[in-house]
Amino acid sequence: MQKEFSIAVIGLGLIGGSILKKLKNTKNKLIGVSARQETIDKALKEQIISEGSTNIGIIKDADIIFICTPINITLDMLKEVILIAKPECIITDVAGVKGFIMDFVNKNNAPVNFIGGHPMAGTENKGLDASDSNMFEKAKWVLTPSKWAQNKDVDILKQIINELGAEVVVTDAYEHDKAVALISHFPLFLSQSLFDFVNNYPDKETGRLAMKLAASGFRDMTRLAATNPTLATDMLFQNRENVVLAYKEYIEHSKLLENELVEQEENFIKHVNELVDSRKKMYSPEGKNISY
Ligand code: NAP
């Protein structure tokens with residue numbers, strides 16, 4: 001990257017911390033804002049920021065601001081940021097649901113230089129200690145530019161996201177919300193309900209034995225059930241309609257497989273072979289999505 005920017009990250013948790021850890025060795029000036037002074041002190045000690053505060057006023061001269069707070073306070077944070085940031089500052093976020101945020105920005109009476117963002121990477125953990133400089137390596141990073149956003153700013157943000165190791169996908173916020181319901185939010189709900197189903201199985205004896213015998217298959221299927229509860233509930237509430245729709249469509253679709261399993265063995269075998277083939281082609285040995 002040619003130019004040095006002053007980049008502020010608000011919310012030094014899993015995602016904010018990972019952004020800063022990756023940008024640490026660039027020429028950009030890095031500023032951090034977090035809820036607790038303890039987090040700021042840790043970030044200063046790790047030298048992933050050169051300035052930090054629990055007071056948001058510190059972002060006033062930033063060229064680029066990443067809002068990385070929990071989803072349910074992103075909008076309030078954005079409203080505060082708009083009042084403080086310089087007019088030409090590029091404001092972005094990382095929230096996993098985009099429609100309600102883009103609605104606010106696009107319906108605002110005055111211009112907001114905002115480009116919505118969502119990195120398609122993460123873990124079930126939270127906080128700065130769980131952050132990782134390689135978090136976004138070869139990940140997709142969705143951008144949903146607002147009606148106010150200028151192409152030159154989208155290009156600048158793309159450059160930084162590329163530096164973080166990710167590949168930008170520009171899309172509509174509502175299309176994003178429908179798509180992530182399918183591959184992120186509904187799987188989270190499925191994982192939660194599967195874990196809850198077995199953990200509270202009505203036949204207590206069988207349920208206890210099942211939990212005792214559970215190994216890697218059940219662990220992998222229920223990894224998402226252990227997602228940071230604030231993040232999990234924020235995502236499901238904010239994208240509830242799309243999650244419920246995906247759930248209903250999924251039930252219908254799985255009836256097809258159930259029917260094949262019970263009554264059409266040959267079709268079931270063919271179907272399973274096809275899906276195994278597609279699933280194997282979808283991810284690289286390192287676990288990266290290589291399907292498109
Ligand atoms: P996280 O680890 O819990 O981090 C959230 C951070 O926000 C915390 O460090 C917290 O500060 C800070 N914070 C809370 N309230 C604040 C306030 N009023 N002012 C300033 N900072 C505040 O959560 P996360 O997983 O990084 O999620 C953050 C965002 O990333 C969410 O919008 C989420 O949708 C998005 N995202 C998450 C993932 C994922 O897998 N986790 C993936 C993609 C996108 P303290 O630590 O100082 O208390």
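**Close-up views of a predicted model**

View 1. Cys 89 is buried, at 1% relative accessible area, and Cys 68 counts as buried at 11% relative accessibility. Buried means under 20% relative accessible area, exposed over 50%, and partly exposed in between (1.4 Å probe, protein chains only).

Please keep in mind that this is a predicted model, where local features need pLDDT of at least 70, side-chain atom pairs count only at pLDDT 80 or more, and totals for chains, interfaces and linings use all residues. Residues are numbered from 1 along each chain as its sequence is written, and side-chain values use heavy atoms, leaving out hydrogens and water.

**View 2. The largest nonpolar core.** This core has 34 residues, and Ile 19, Ile 64, Phe 66 and Trp 141 have the most contacts inside it. A nonpolar core is a set of buried Ala, Val, Leu, Ile, Met, Phe, Trp, Tyr and Cys residues joined through side-chain atoms within 4.5 Å. A second, separate core of 30 residues includes Ile 67, Val 81, Ile 91 and Phe 114.

**View 3. Around Ile 64.** Leaving aside residues up to four places away in sequence, Ile 64 touches (heavy atoms within 4.5 Å) several residues, among them Phe 5, Ile 7, Cys 89 and Ile 160.
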